[in-house]
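Hello,

Here is the structure I promised to pass on to you. Have a look at it first, and then read on for what turned up in it.

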Amino acid sequence: EDDTQQVIVGEEDEERRLSYWEMAKYGYGELVNAIIRPPRAEYENEQLGPEYFEWHGRCFVRNDIELINNRGQRLACSHWCPVIEEGRNMSSTPRPCLIYMHGNASARIEAISQLTLCLSLGMTLFAFDFSGSGQSDGDYVSLGFWEREDLATVIAHLRALGTVSTIALWGRSMGAVTALLHSSHDPSIACIISDSAFADLTQLAEELVQKAKQSGLTVPGFVVSIAIRMIRSSVLKTAHFKLEDVAPIKDIDCAFVPALFVAGSDDDFVMPHHSKQIHDKYAGDKNLVIVDGDHNSPRPRFLYDSAAIFLQNYANISPALFLPGADAFNCGLPPWIHTGSYGLNLADLGLNVNDMPDLQNAENLGTTADRSQRVQDTLHNVFSANGVRRPTTESHNSNSDNSCSFPEPPTVRPPPPPAPQRQREDDTNPISDAIRVRPSQSTSERLL
């Protein structure tokens with residue numbers, strides 16, 4: 001009877017060993033891609049709006065340029081400025097510039113939401129696709145590590161123009177992390193607005209696993225630890241950065257650039273306590289604003305009003321540059337869409353995003369609720385005890401020619417499965433060897 005029980009236990013251990021391998025095989029690449037190769041936004045330049053437009057009696061132009069970062073990669077950029085008019089050279093006096101940095105799975109088209117704010121204050125707006133995102137070169141993203149070098153390339157370009165006075169930064173999610181990583185070593189930045197930055201990538205990964213456990217996932221802690229180590233190794237080998245180096249909270253106690261921190265009250269991906277942690281440790285002038293919405297929600301009017309006051313105070317904007325009669329919010333619409341109404345939203349105006357091609361892109365950019373759920377589903381697929389796979393769907397408007405599309409990311413393959421081993425009589429933990437070499441690892445590191 002004892003021998004029979006040992007045989008049964010051995011068979012169960014072998015089944016569990018194979019189950020872990022199958023879960024790893026299905027989910028490993030998906031989770032690694034969640035960090036370094038999320039869906040890539042594809043769009044046409046026409047979706048950035050008209051090249052020339054008029055707003056409140058003043059003409060503006062969008063200059064599309066390409067810059068080369070220090071790794072030899074091309075960065076697709078746009079700079080919105082007043083038009084130089086004959087006899088009234090509006091660019092003769094250097095103007096403050098806001099650099100907007102998009103989030104993960106997004107692109108510079110995200111900056112359109114900040115355009116009316118900048119132009120109403122007399123600022124110019126510069127936006128670009130990070131390397132590995134949008135129309136820029138590069139195969140992978142790094143959630144802020146390499147992106148900060150892209151930002152340094154942009155800042156050097158603006159400094160060399162001679163038409164830019166102060167430089168302010170506004171980043172969302174990955175872009176916010178990039179702003180924090182850079183500004184902690186560049187006191188020349190006038191101010192930063194950080195929306196939904198995570199404090200530490202490893203902390204974010206652990207919280208995602210904990211959230212999965214709270215929703216029913218059961219997995220031994222040592223399995224998660226092994227998984228994180230394996231993902232760390234894959235990311236370092238493929239994208240050449242260490243996960244532990246993407247932690248803006250490490251250096252912000254030495255950062256003195258004035259900062260406005262923003263978080264969504266319902267953000268269940270990068271939860272608001274990340275912004276609070278950063279705010280509490282930050283050394284410079286600071287303020288924290290919690291807004292309604294989640295990680296990817298449009299921000300409300302009062303945030304734009306707060307941002308306008310913040311930029312006026314710290315970016316050294318002369319009142320002579322203000323655009324008379326311009327509303328910094330413009331109902332959440334770009335300046336080439338005239339509303340004449342103050343503080344209303346699309347529904348109040350009888351409009352719908354589906355009727356406005358310039359705005360449809362925002363529905364598919366960034367860490368949407370669908371993408372956040374996809375990460376959680378993948379965690380279950382890799383680590384669930386019964387090996388049952390959840391469907392990992394990602395919805396976006398694929399029927400519209402104006403929507404951003406997302407090609408399939410490259411496949412990251414796990415190492416080959418371990419060879420079966422016979423159970424030894426002195427083996428007190430027969431599944432330990434199998435787990436030790438299994439690539440089931442991919443879990444906690446997700447993007448941002």
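A salt bridge here is a side-chain nitrogen of Lys or Arg within 4 Å of a carboxyl oxygen of Asp or Glu. Searching the whole structure for such pairs gives eleven salt bridges.

Before the details, a word on the source. This is a predicted model, in which local features need pLDDT of at least 70 and side-chain atom pairs count only at pLDDT 80 or more, while totals for chains, interfaces and linings use all residues. Residues are numbered from 1 along each chain as its sequence is written, and side-chain values use heavy atoms, with hydrogens and water left out.

Let me start with the charged pairs. For how open each residue is, buried means under 20% relative accessible area, exposed means over 50%, and partly exposed lies in between (1.4 Å probe, protein chains only).

R62 and D64 form one of the salt bridges, with N and O 2.8 Å apart. R62 is buried at 6% relative accessibility, whereas D64 is partly exposed at 34%.

Another salt bridge joins R74 to E66, whose closest N and O atoms are 3.3 Å apart. Here R74 is partly exposed, at 22%, and E66 is exposed, at 53%.

Then there is R301 with D327, where the closest N and O atoms of the salt bridge lie 2.6 Å apart. This pair links distant parts of the chain, 26 residues apart: R301 sits in helix 8 (residues 301-314), and D327 in the loop between helix 8 and helix 9 (357-360). Helices are DSSP runs (H or I, at least four residues), numbered from the N terminus. Both partners count as buried, R301 at 14% and D327 at 13%. Elsewhere, salt bridges with shared partners connect R62, D64, R108 and D129 in one network.

Now to the nonpolar side. A nonpolar core is a set of buried Ala, Val, Leu, Ile, Met, Phe, Trp, Tyr and Cys residues joined through side-chain atoms within 4.5 Å.

Which residues have the most contacts inside the largest core? They are I99, F126, L169, F241 and Y282, in a core of 54 residues. Helix 4 (residues 174-183) supplies the largest share of this core, six residues. Taking contact as heavy atoms within 4.5 Å, and not counting residues up to four places away in sequence, I99 touches F126, F128, L151 and W170, among others. A second, separate core has 45 residues, including L98, A107, L260 and F310.

Enjoy exploring!

Best wishes

Methods:
Helices (H or I, at least four residues) and strands (E, at least two) are DSSP runs, numbered from the N terminus.
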